[in-house]
Amino acid sequence: MKDNIMKLKILSLAIWLSLNFSGFSHADLFNFKTSTFRPYQGDVVRIEMDKKKKVKILKNGKKVVLYATEGDFKVKVFGKEYLPVNFKNKLVIFIGVDYQKKPGSYPLEVIVKQNNSSFRLPVMKLTVRKKYPKLNHQPPKRTKEEQEKINEESEKLNEVLKSACSYQVKESSGFRWPIARIKITSPFGQRRCQSRDNCRYHTGTDFRSAFDEKHSKPENVFPINNGLVVEVSSYTLEGITMVVDHGAGIKSSYFHLSKAYYKKGDIVSKTKPIARSGATGTDAVHLHLMVTIHGDTVDPEKFLRSVK
């Protein structure tokens, strides 16, 4: 905690120095906040810039409160470029730290834009801490044809998740849970072992999605935010799957559905169900939610708790 506070003070000083020696006035100082400089594997780093509150007086004398920034910014880290989204009266960048990202320090660069000019802040460090050590996992024995089909499906899904976001969002509202009643049955990162020396990590969060006595009647599934449907397919292991692009590099995937209410290319709202949960590709009714940011797999529960 103390380390993060010190880093924030250094970041504020760096911004002040850069602005003052770049011809910007004191009134144009940017207020940056960073959730952490020392994330664990699977975490999401949030970098935000406050918007300034302005009061506009209309012709009828009515006052309207507006929020605006004096500039813009972007971040470069992990060899990727991250752009901000308007989120709850702030400009926010979400950086996903993949659960298998190699621990260590990575240069983080902030580029600020204002009045058709831009400047770079002194390079900082983002230190990834280990949480999910590499596991020795061997898939169960299958026929050659079955394994080839699963490999092809995995490549197809990875291409969808790693492709550039198509959904252009100007203002992002708060995120929501994908099921009306929240009961997590299997958390992200849980070890699943076929034997003592053959384990893998659970790369999503499982939600109970049937609340009748026998847990067999599936519930509706909601998108975690507004977005664009970029994939609806049936996979061997994941069952009927839907992927929604929310912009800003964020995508959510919903596995084991029994029915999809939308098709690829449809715009969806977080207030309306997109599918019905099910047990396709598995043996029990539940919803498996996966969240990726620029293709990096992160903990859905931690992400949703931080952006509601």
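Asp-206 touches Lys-183, Ile-184, Thr-185, Ser-186, Arg-192, His-286, Leu-287 and His-288, leaving aside residues up to four places away in sequence. These contacts belong to a predicted model. Asp-206 itself lies in strand β16, which spans residues 205–207. Because its relative accessible area is 5%, under the 20% cut-off, Asp-206 counts as buried. The side chain of Asp-206 makes a polar contact with the side chain of His-202 at 3.2 Å. A polar contact at 3.1 Å joins the side chain of Asp-206 to the side chain of His-288.

The largest pocket has a volume of about 1,200 Å³. It is lined by 40 residues, of which Arg-200, Tyr-201, Thr-203, Leu-237 and Glu-238 are the closest to its centre. Two or more lining residues come from each of α2 (144–162), β14 (191–195), β15 (198–201), β20 (250–260) and β23 (287–293). Helix α2 gives the most to this lining, with 9 residues.

The second largest pocket holds about 370 Å³ of space. Among its 17 lining residues, those closest to the centre are Leu-83, Cys-165, Gly-247, Ala-248 and Gly-249.

How values were computed:
Residues numbered from 1 in each chain as written. Predicted model: local features only at pLDDT ≥ 70, side-chain atom pairs only at ≥ 80, totals over all residues. Heavy atoms only, no water. 1 Å grid on protein atoms, 1.4 Å probe; cavity = no way out; pocket = protein on both sides within 12 Å on 5 of 7 lines; lining within 4 Å. Points joined across faces, edges and corners; volume = space filled by probe spheres on them. Helix = DSSP H or I, 4+ residues; strand = E, 2+ residues; numbered from the N terminus. Buried < 20%, exposed > 50% of the residue type's maximum accessible area, 1.4 Å probe, protein only. Polar contact = N/O pair within 3.5 Å; in protein donor to acceptor, adjacent residues only side chain to side chain. Contact = heavy atoms within 4.5 Å.
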